[in-house]
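Subject: A structure for you to look at

Hi,

Here is the structure I said I would pass on.

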Amino acid sequence: MSKQQHEQHTLVRSLALGVLSGGRSSTPLAVLALNHDNKAVKGDWQQWKAFSTPLGRGLLVASAIGELVGDKSPKAPARISPMGLVGRIAAGAFAGAALGTTGRRDLRLEGAVLGGIGAVVGSFVGWAARKSLSGAGLPDAVGALAEDAAVIAGSVQAVRSA
């Protein structure tokens, strides 16, 4: 793969993690945490305290589990509320910045921007999909579980496809 193709691949992966953060803000970060020692995705992000310490990794994974459970509550705030979007944008930008350090050139700024933009897109697309499914008569829990599965699988794929 040429240098330019590798950079494009890195940026696409950063954007993808951002989109996935729009569905479950903590899951992409938890997947990164669980891959902190994976040499195939080597990058400066593996030295960041959130990923390099057991406490940081534990908090990221616990946050993802809490979000997966909490999302099923009817009291869960809408992902497109201002506070919901801010959190998802921050998570997407953080995940995108992390992946931006995996290439030959440091693309953390570009990765952060794409991750944040992806989170906005993913938030609205996920919200619309869930509304559409519940409008079609499916219980919200079915859409939520499908979204959980898609975000987990997509995050694993985006992180590991170095």
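Below is what turned up, starting with the inside and ending with the charged pairs.

A word on the ground rules: this is a predicted model, so local features need pLDDT of at least 70 and side-chain atom pairs count only at pLDDT 80 or more, while totals for chains, interfaces and linings use all residues. Residues are numbered from 1 along each chain as its sequence is written, and side-chain values use heavy atoms, with hydrogens and water left out.

Let's begin with the core. The largest nonpolar core has 19 residues, and Leu17, Leu29, Leu32, Trp45 and Phe51 have the most contacts inside it. (A core here is a set of buried Ala, Val, Leu, Ile, Met, Phe, Trp, Tyr and Cys residues joined through side-chain atoms within 4.5 Å; buried means under 20% relative accessible area, exposed over 50%, partly exposed in between, with a 1.4 Å probe and protein chains only.) Helix H5 (82–99) is among the elements that give two or more residues to this core, and H5 gives the most, with five. Helices are DSSP runs of H or I with at least four residues, numbered from the N terminus.

Rings of Phe, Tyr and Trp (its six-membered ring) pair if their centres lie within 6.5 Å; planes under 30 degrees apart are stacked, over 60 edge-to-face and the rest tilted. Trp45 and Phe51 are edge-to-face, because their ring centres are 5.1 Å apart and their planes at 85°. Phe51 itself has a relative accessible area of 0%. Together with Phe94, these residues (Trp45, Trp48 and Phe51) form one aromatic cluster.

Now the charges: there are twelve salt bridges in the whole structure, each a side-chain nitrogen of Lys or Arg within 4 Å of a carboxyl oxygen of Asp or Glu. In one of them, Glu7 meets Arg105, with the closest N and O atoms 3.0 Å apart. Glu7 is in helix H1 and Arg105 in the loop between H5 and H6, 98 residues apart. Glu7 is buried at 16%, whereas Arg105 is partly exposed at 38%. Another joins Arg130 to Asp140 (2.8 Å, N to O); Arg130 lies in helix H6 and Asp140 in helix H7.

Cheers
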